[in-house]
Amino acid sequence: MTETLCSEIEIAAPQATVFAFFTDPDKILRWMGTKATVEPYPGGIYLLSMNDTQTARGQFTEVIPVHRLAYSFGWEGHETVPPGSGLIEIDLVEKNGGTLVRFTHNGLPDEQERASHEKGWNHYLRRLSIAASGGDPGPDTHLD
C-alpha cells in the first residue's frame with residue numbers, strides 16, 4: 001500500500017503568476033533547487049537538482065495552463081522513491097484575489113517517506129508563497 005500526502009496553501013498572487021513559478025526554470029529556482037529543466041507539456045521532462053547529490057526526475061502527464069499540473073516524480077539513485085514512482089498533482093484555484101494551491105503527492109512507499117516528503121514540501125511551499133507574492137524567501141537552508 002502506498003502513502004499520499006496532501007497540502008494546501010494560499011498565495012497572494014494570481015493563478016498565472018503561481019503557475020509560472022511551477023513551470024519557468026528561472027522562477028522555480030527562486031524558491032527551490034539549484035538547477036531546473038522543465039518542459040511543461042504532456043510527455044515533457046521535469047528535472048530538478050536540489051544540490052549536487054539529489055535530483056528529482058519525472059515527466060509531465062497533465063498541463064492545463066494556470067489551473068493544473070501533474071507529473072511523475074522520484075529521485076535519481078533512490079531505491080524506495082525512484083524516478084516515476086510517484087505522482088505530483090497541483091491544482092491552482094482562484095481564491096480571495098489570490099491562489100489556493102492544492103498539492104498532492106501520491107505513491108510514496110511508506111509512512112517514513114511520506115513524513116520526510118511532507119516536511120520538504122511544506123518547507124518549499126512556504127518558500128513558493130513568499131517568492132510568488134513578490135518577496136525574497138532568502139537562501140535555502142533545508143538541504144544544508
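In the predicted model, the mean positions of the 11 positive and 20 negative charges of the protein lie 4 Å apart. Lys and Arg are counted as positive and Asp and Glu as negative, whereas His and the chain ends are not counted; the place of a charge is NZ of Lys, CZ of Arg, CG of Asp or CD of Glu. Because the model is predicted, local features require pLDDT of at least 70 and side-chain atom pairs count only at pLDDT 80 or more, while totals for chains, interfaces and linings use all residues. Residues are numbered from 1 along each chain as its sequence is written, and side-chain values use heavy atoms, with hydrogens and water left out.

The protein contains three helices and seven strands, where helices (H or I, at least four residues) and strands (E, at least two) are DSSP runs numbered from the N terminus. From the N terminus on, these elements follow the order β-α-α-β-β-β-β-β-β-α. The C-alpha trace spans about 40 × 30 × 25 Å along its principal axes.

Of the 144 residues, 44% are buried; buried denotes under 20% relative accessible area, exposed over 50%, and partly exposed the range in between (1.4 Å probe, protein chains only). The protein exposes about 7,200 Å², of which carbon and sulfur atoms supply 49%; accessible areas come from the Shrake-Rupley method with a 1.4 Å probe, and for residues only the protein chains shown count as cover. Among contacts (heavy atoms within 4.5 Å) with a separation of 6 or more, 42% are made by residues 24 or more positions apart.

Eight salt bridges are present in the structure, each defined as a side-chain nitrogen of Lys or Arg within 4 Å of a carboxyl oxygen of Asp or Glu. Two of these involve Arg 114, a buried residue with 15% relative accessibility. The side chain of Arg 114 pairs with that of Glu 111 at 2.8 Å, N to O. These two residues are three positions apart in helix α3 (residues 111-132), which means that about one helical turn separates them. Glu 111 is partly exposed, at 40% relative accessibility. Arg 114 also forms a salt bridge with Glu 118, at 2.9 Å, N to O; the two residues lie four positions apart in helix α3, about one turn of the helix. Glu 118 is partly exposed, with a relative accessible area of 27%. Elsewhere, salt bridges with shared partners join Glu 62, Arg 68, Glu 89 and Asp 91 into one network. Within this group, the side chains of Glu 62 and Arg 68 meet at 2.8 Å, N to O. Arg 68 is buried, at 15% relative accessible area, whereas Glu 62 is partly exposed, at 28%.

Gly 138 is located in the segment after α3 and is partly exposed, with a relative accessible area of 24%. The C-alpha atoms of Gly 138 and Trp 31 are separated by 8.5 Å, although the two residues are 107 positions apart along the chain.
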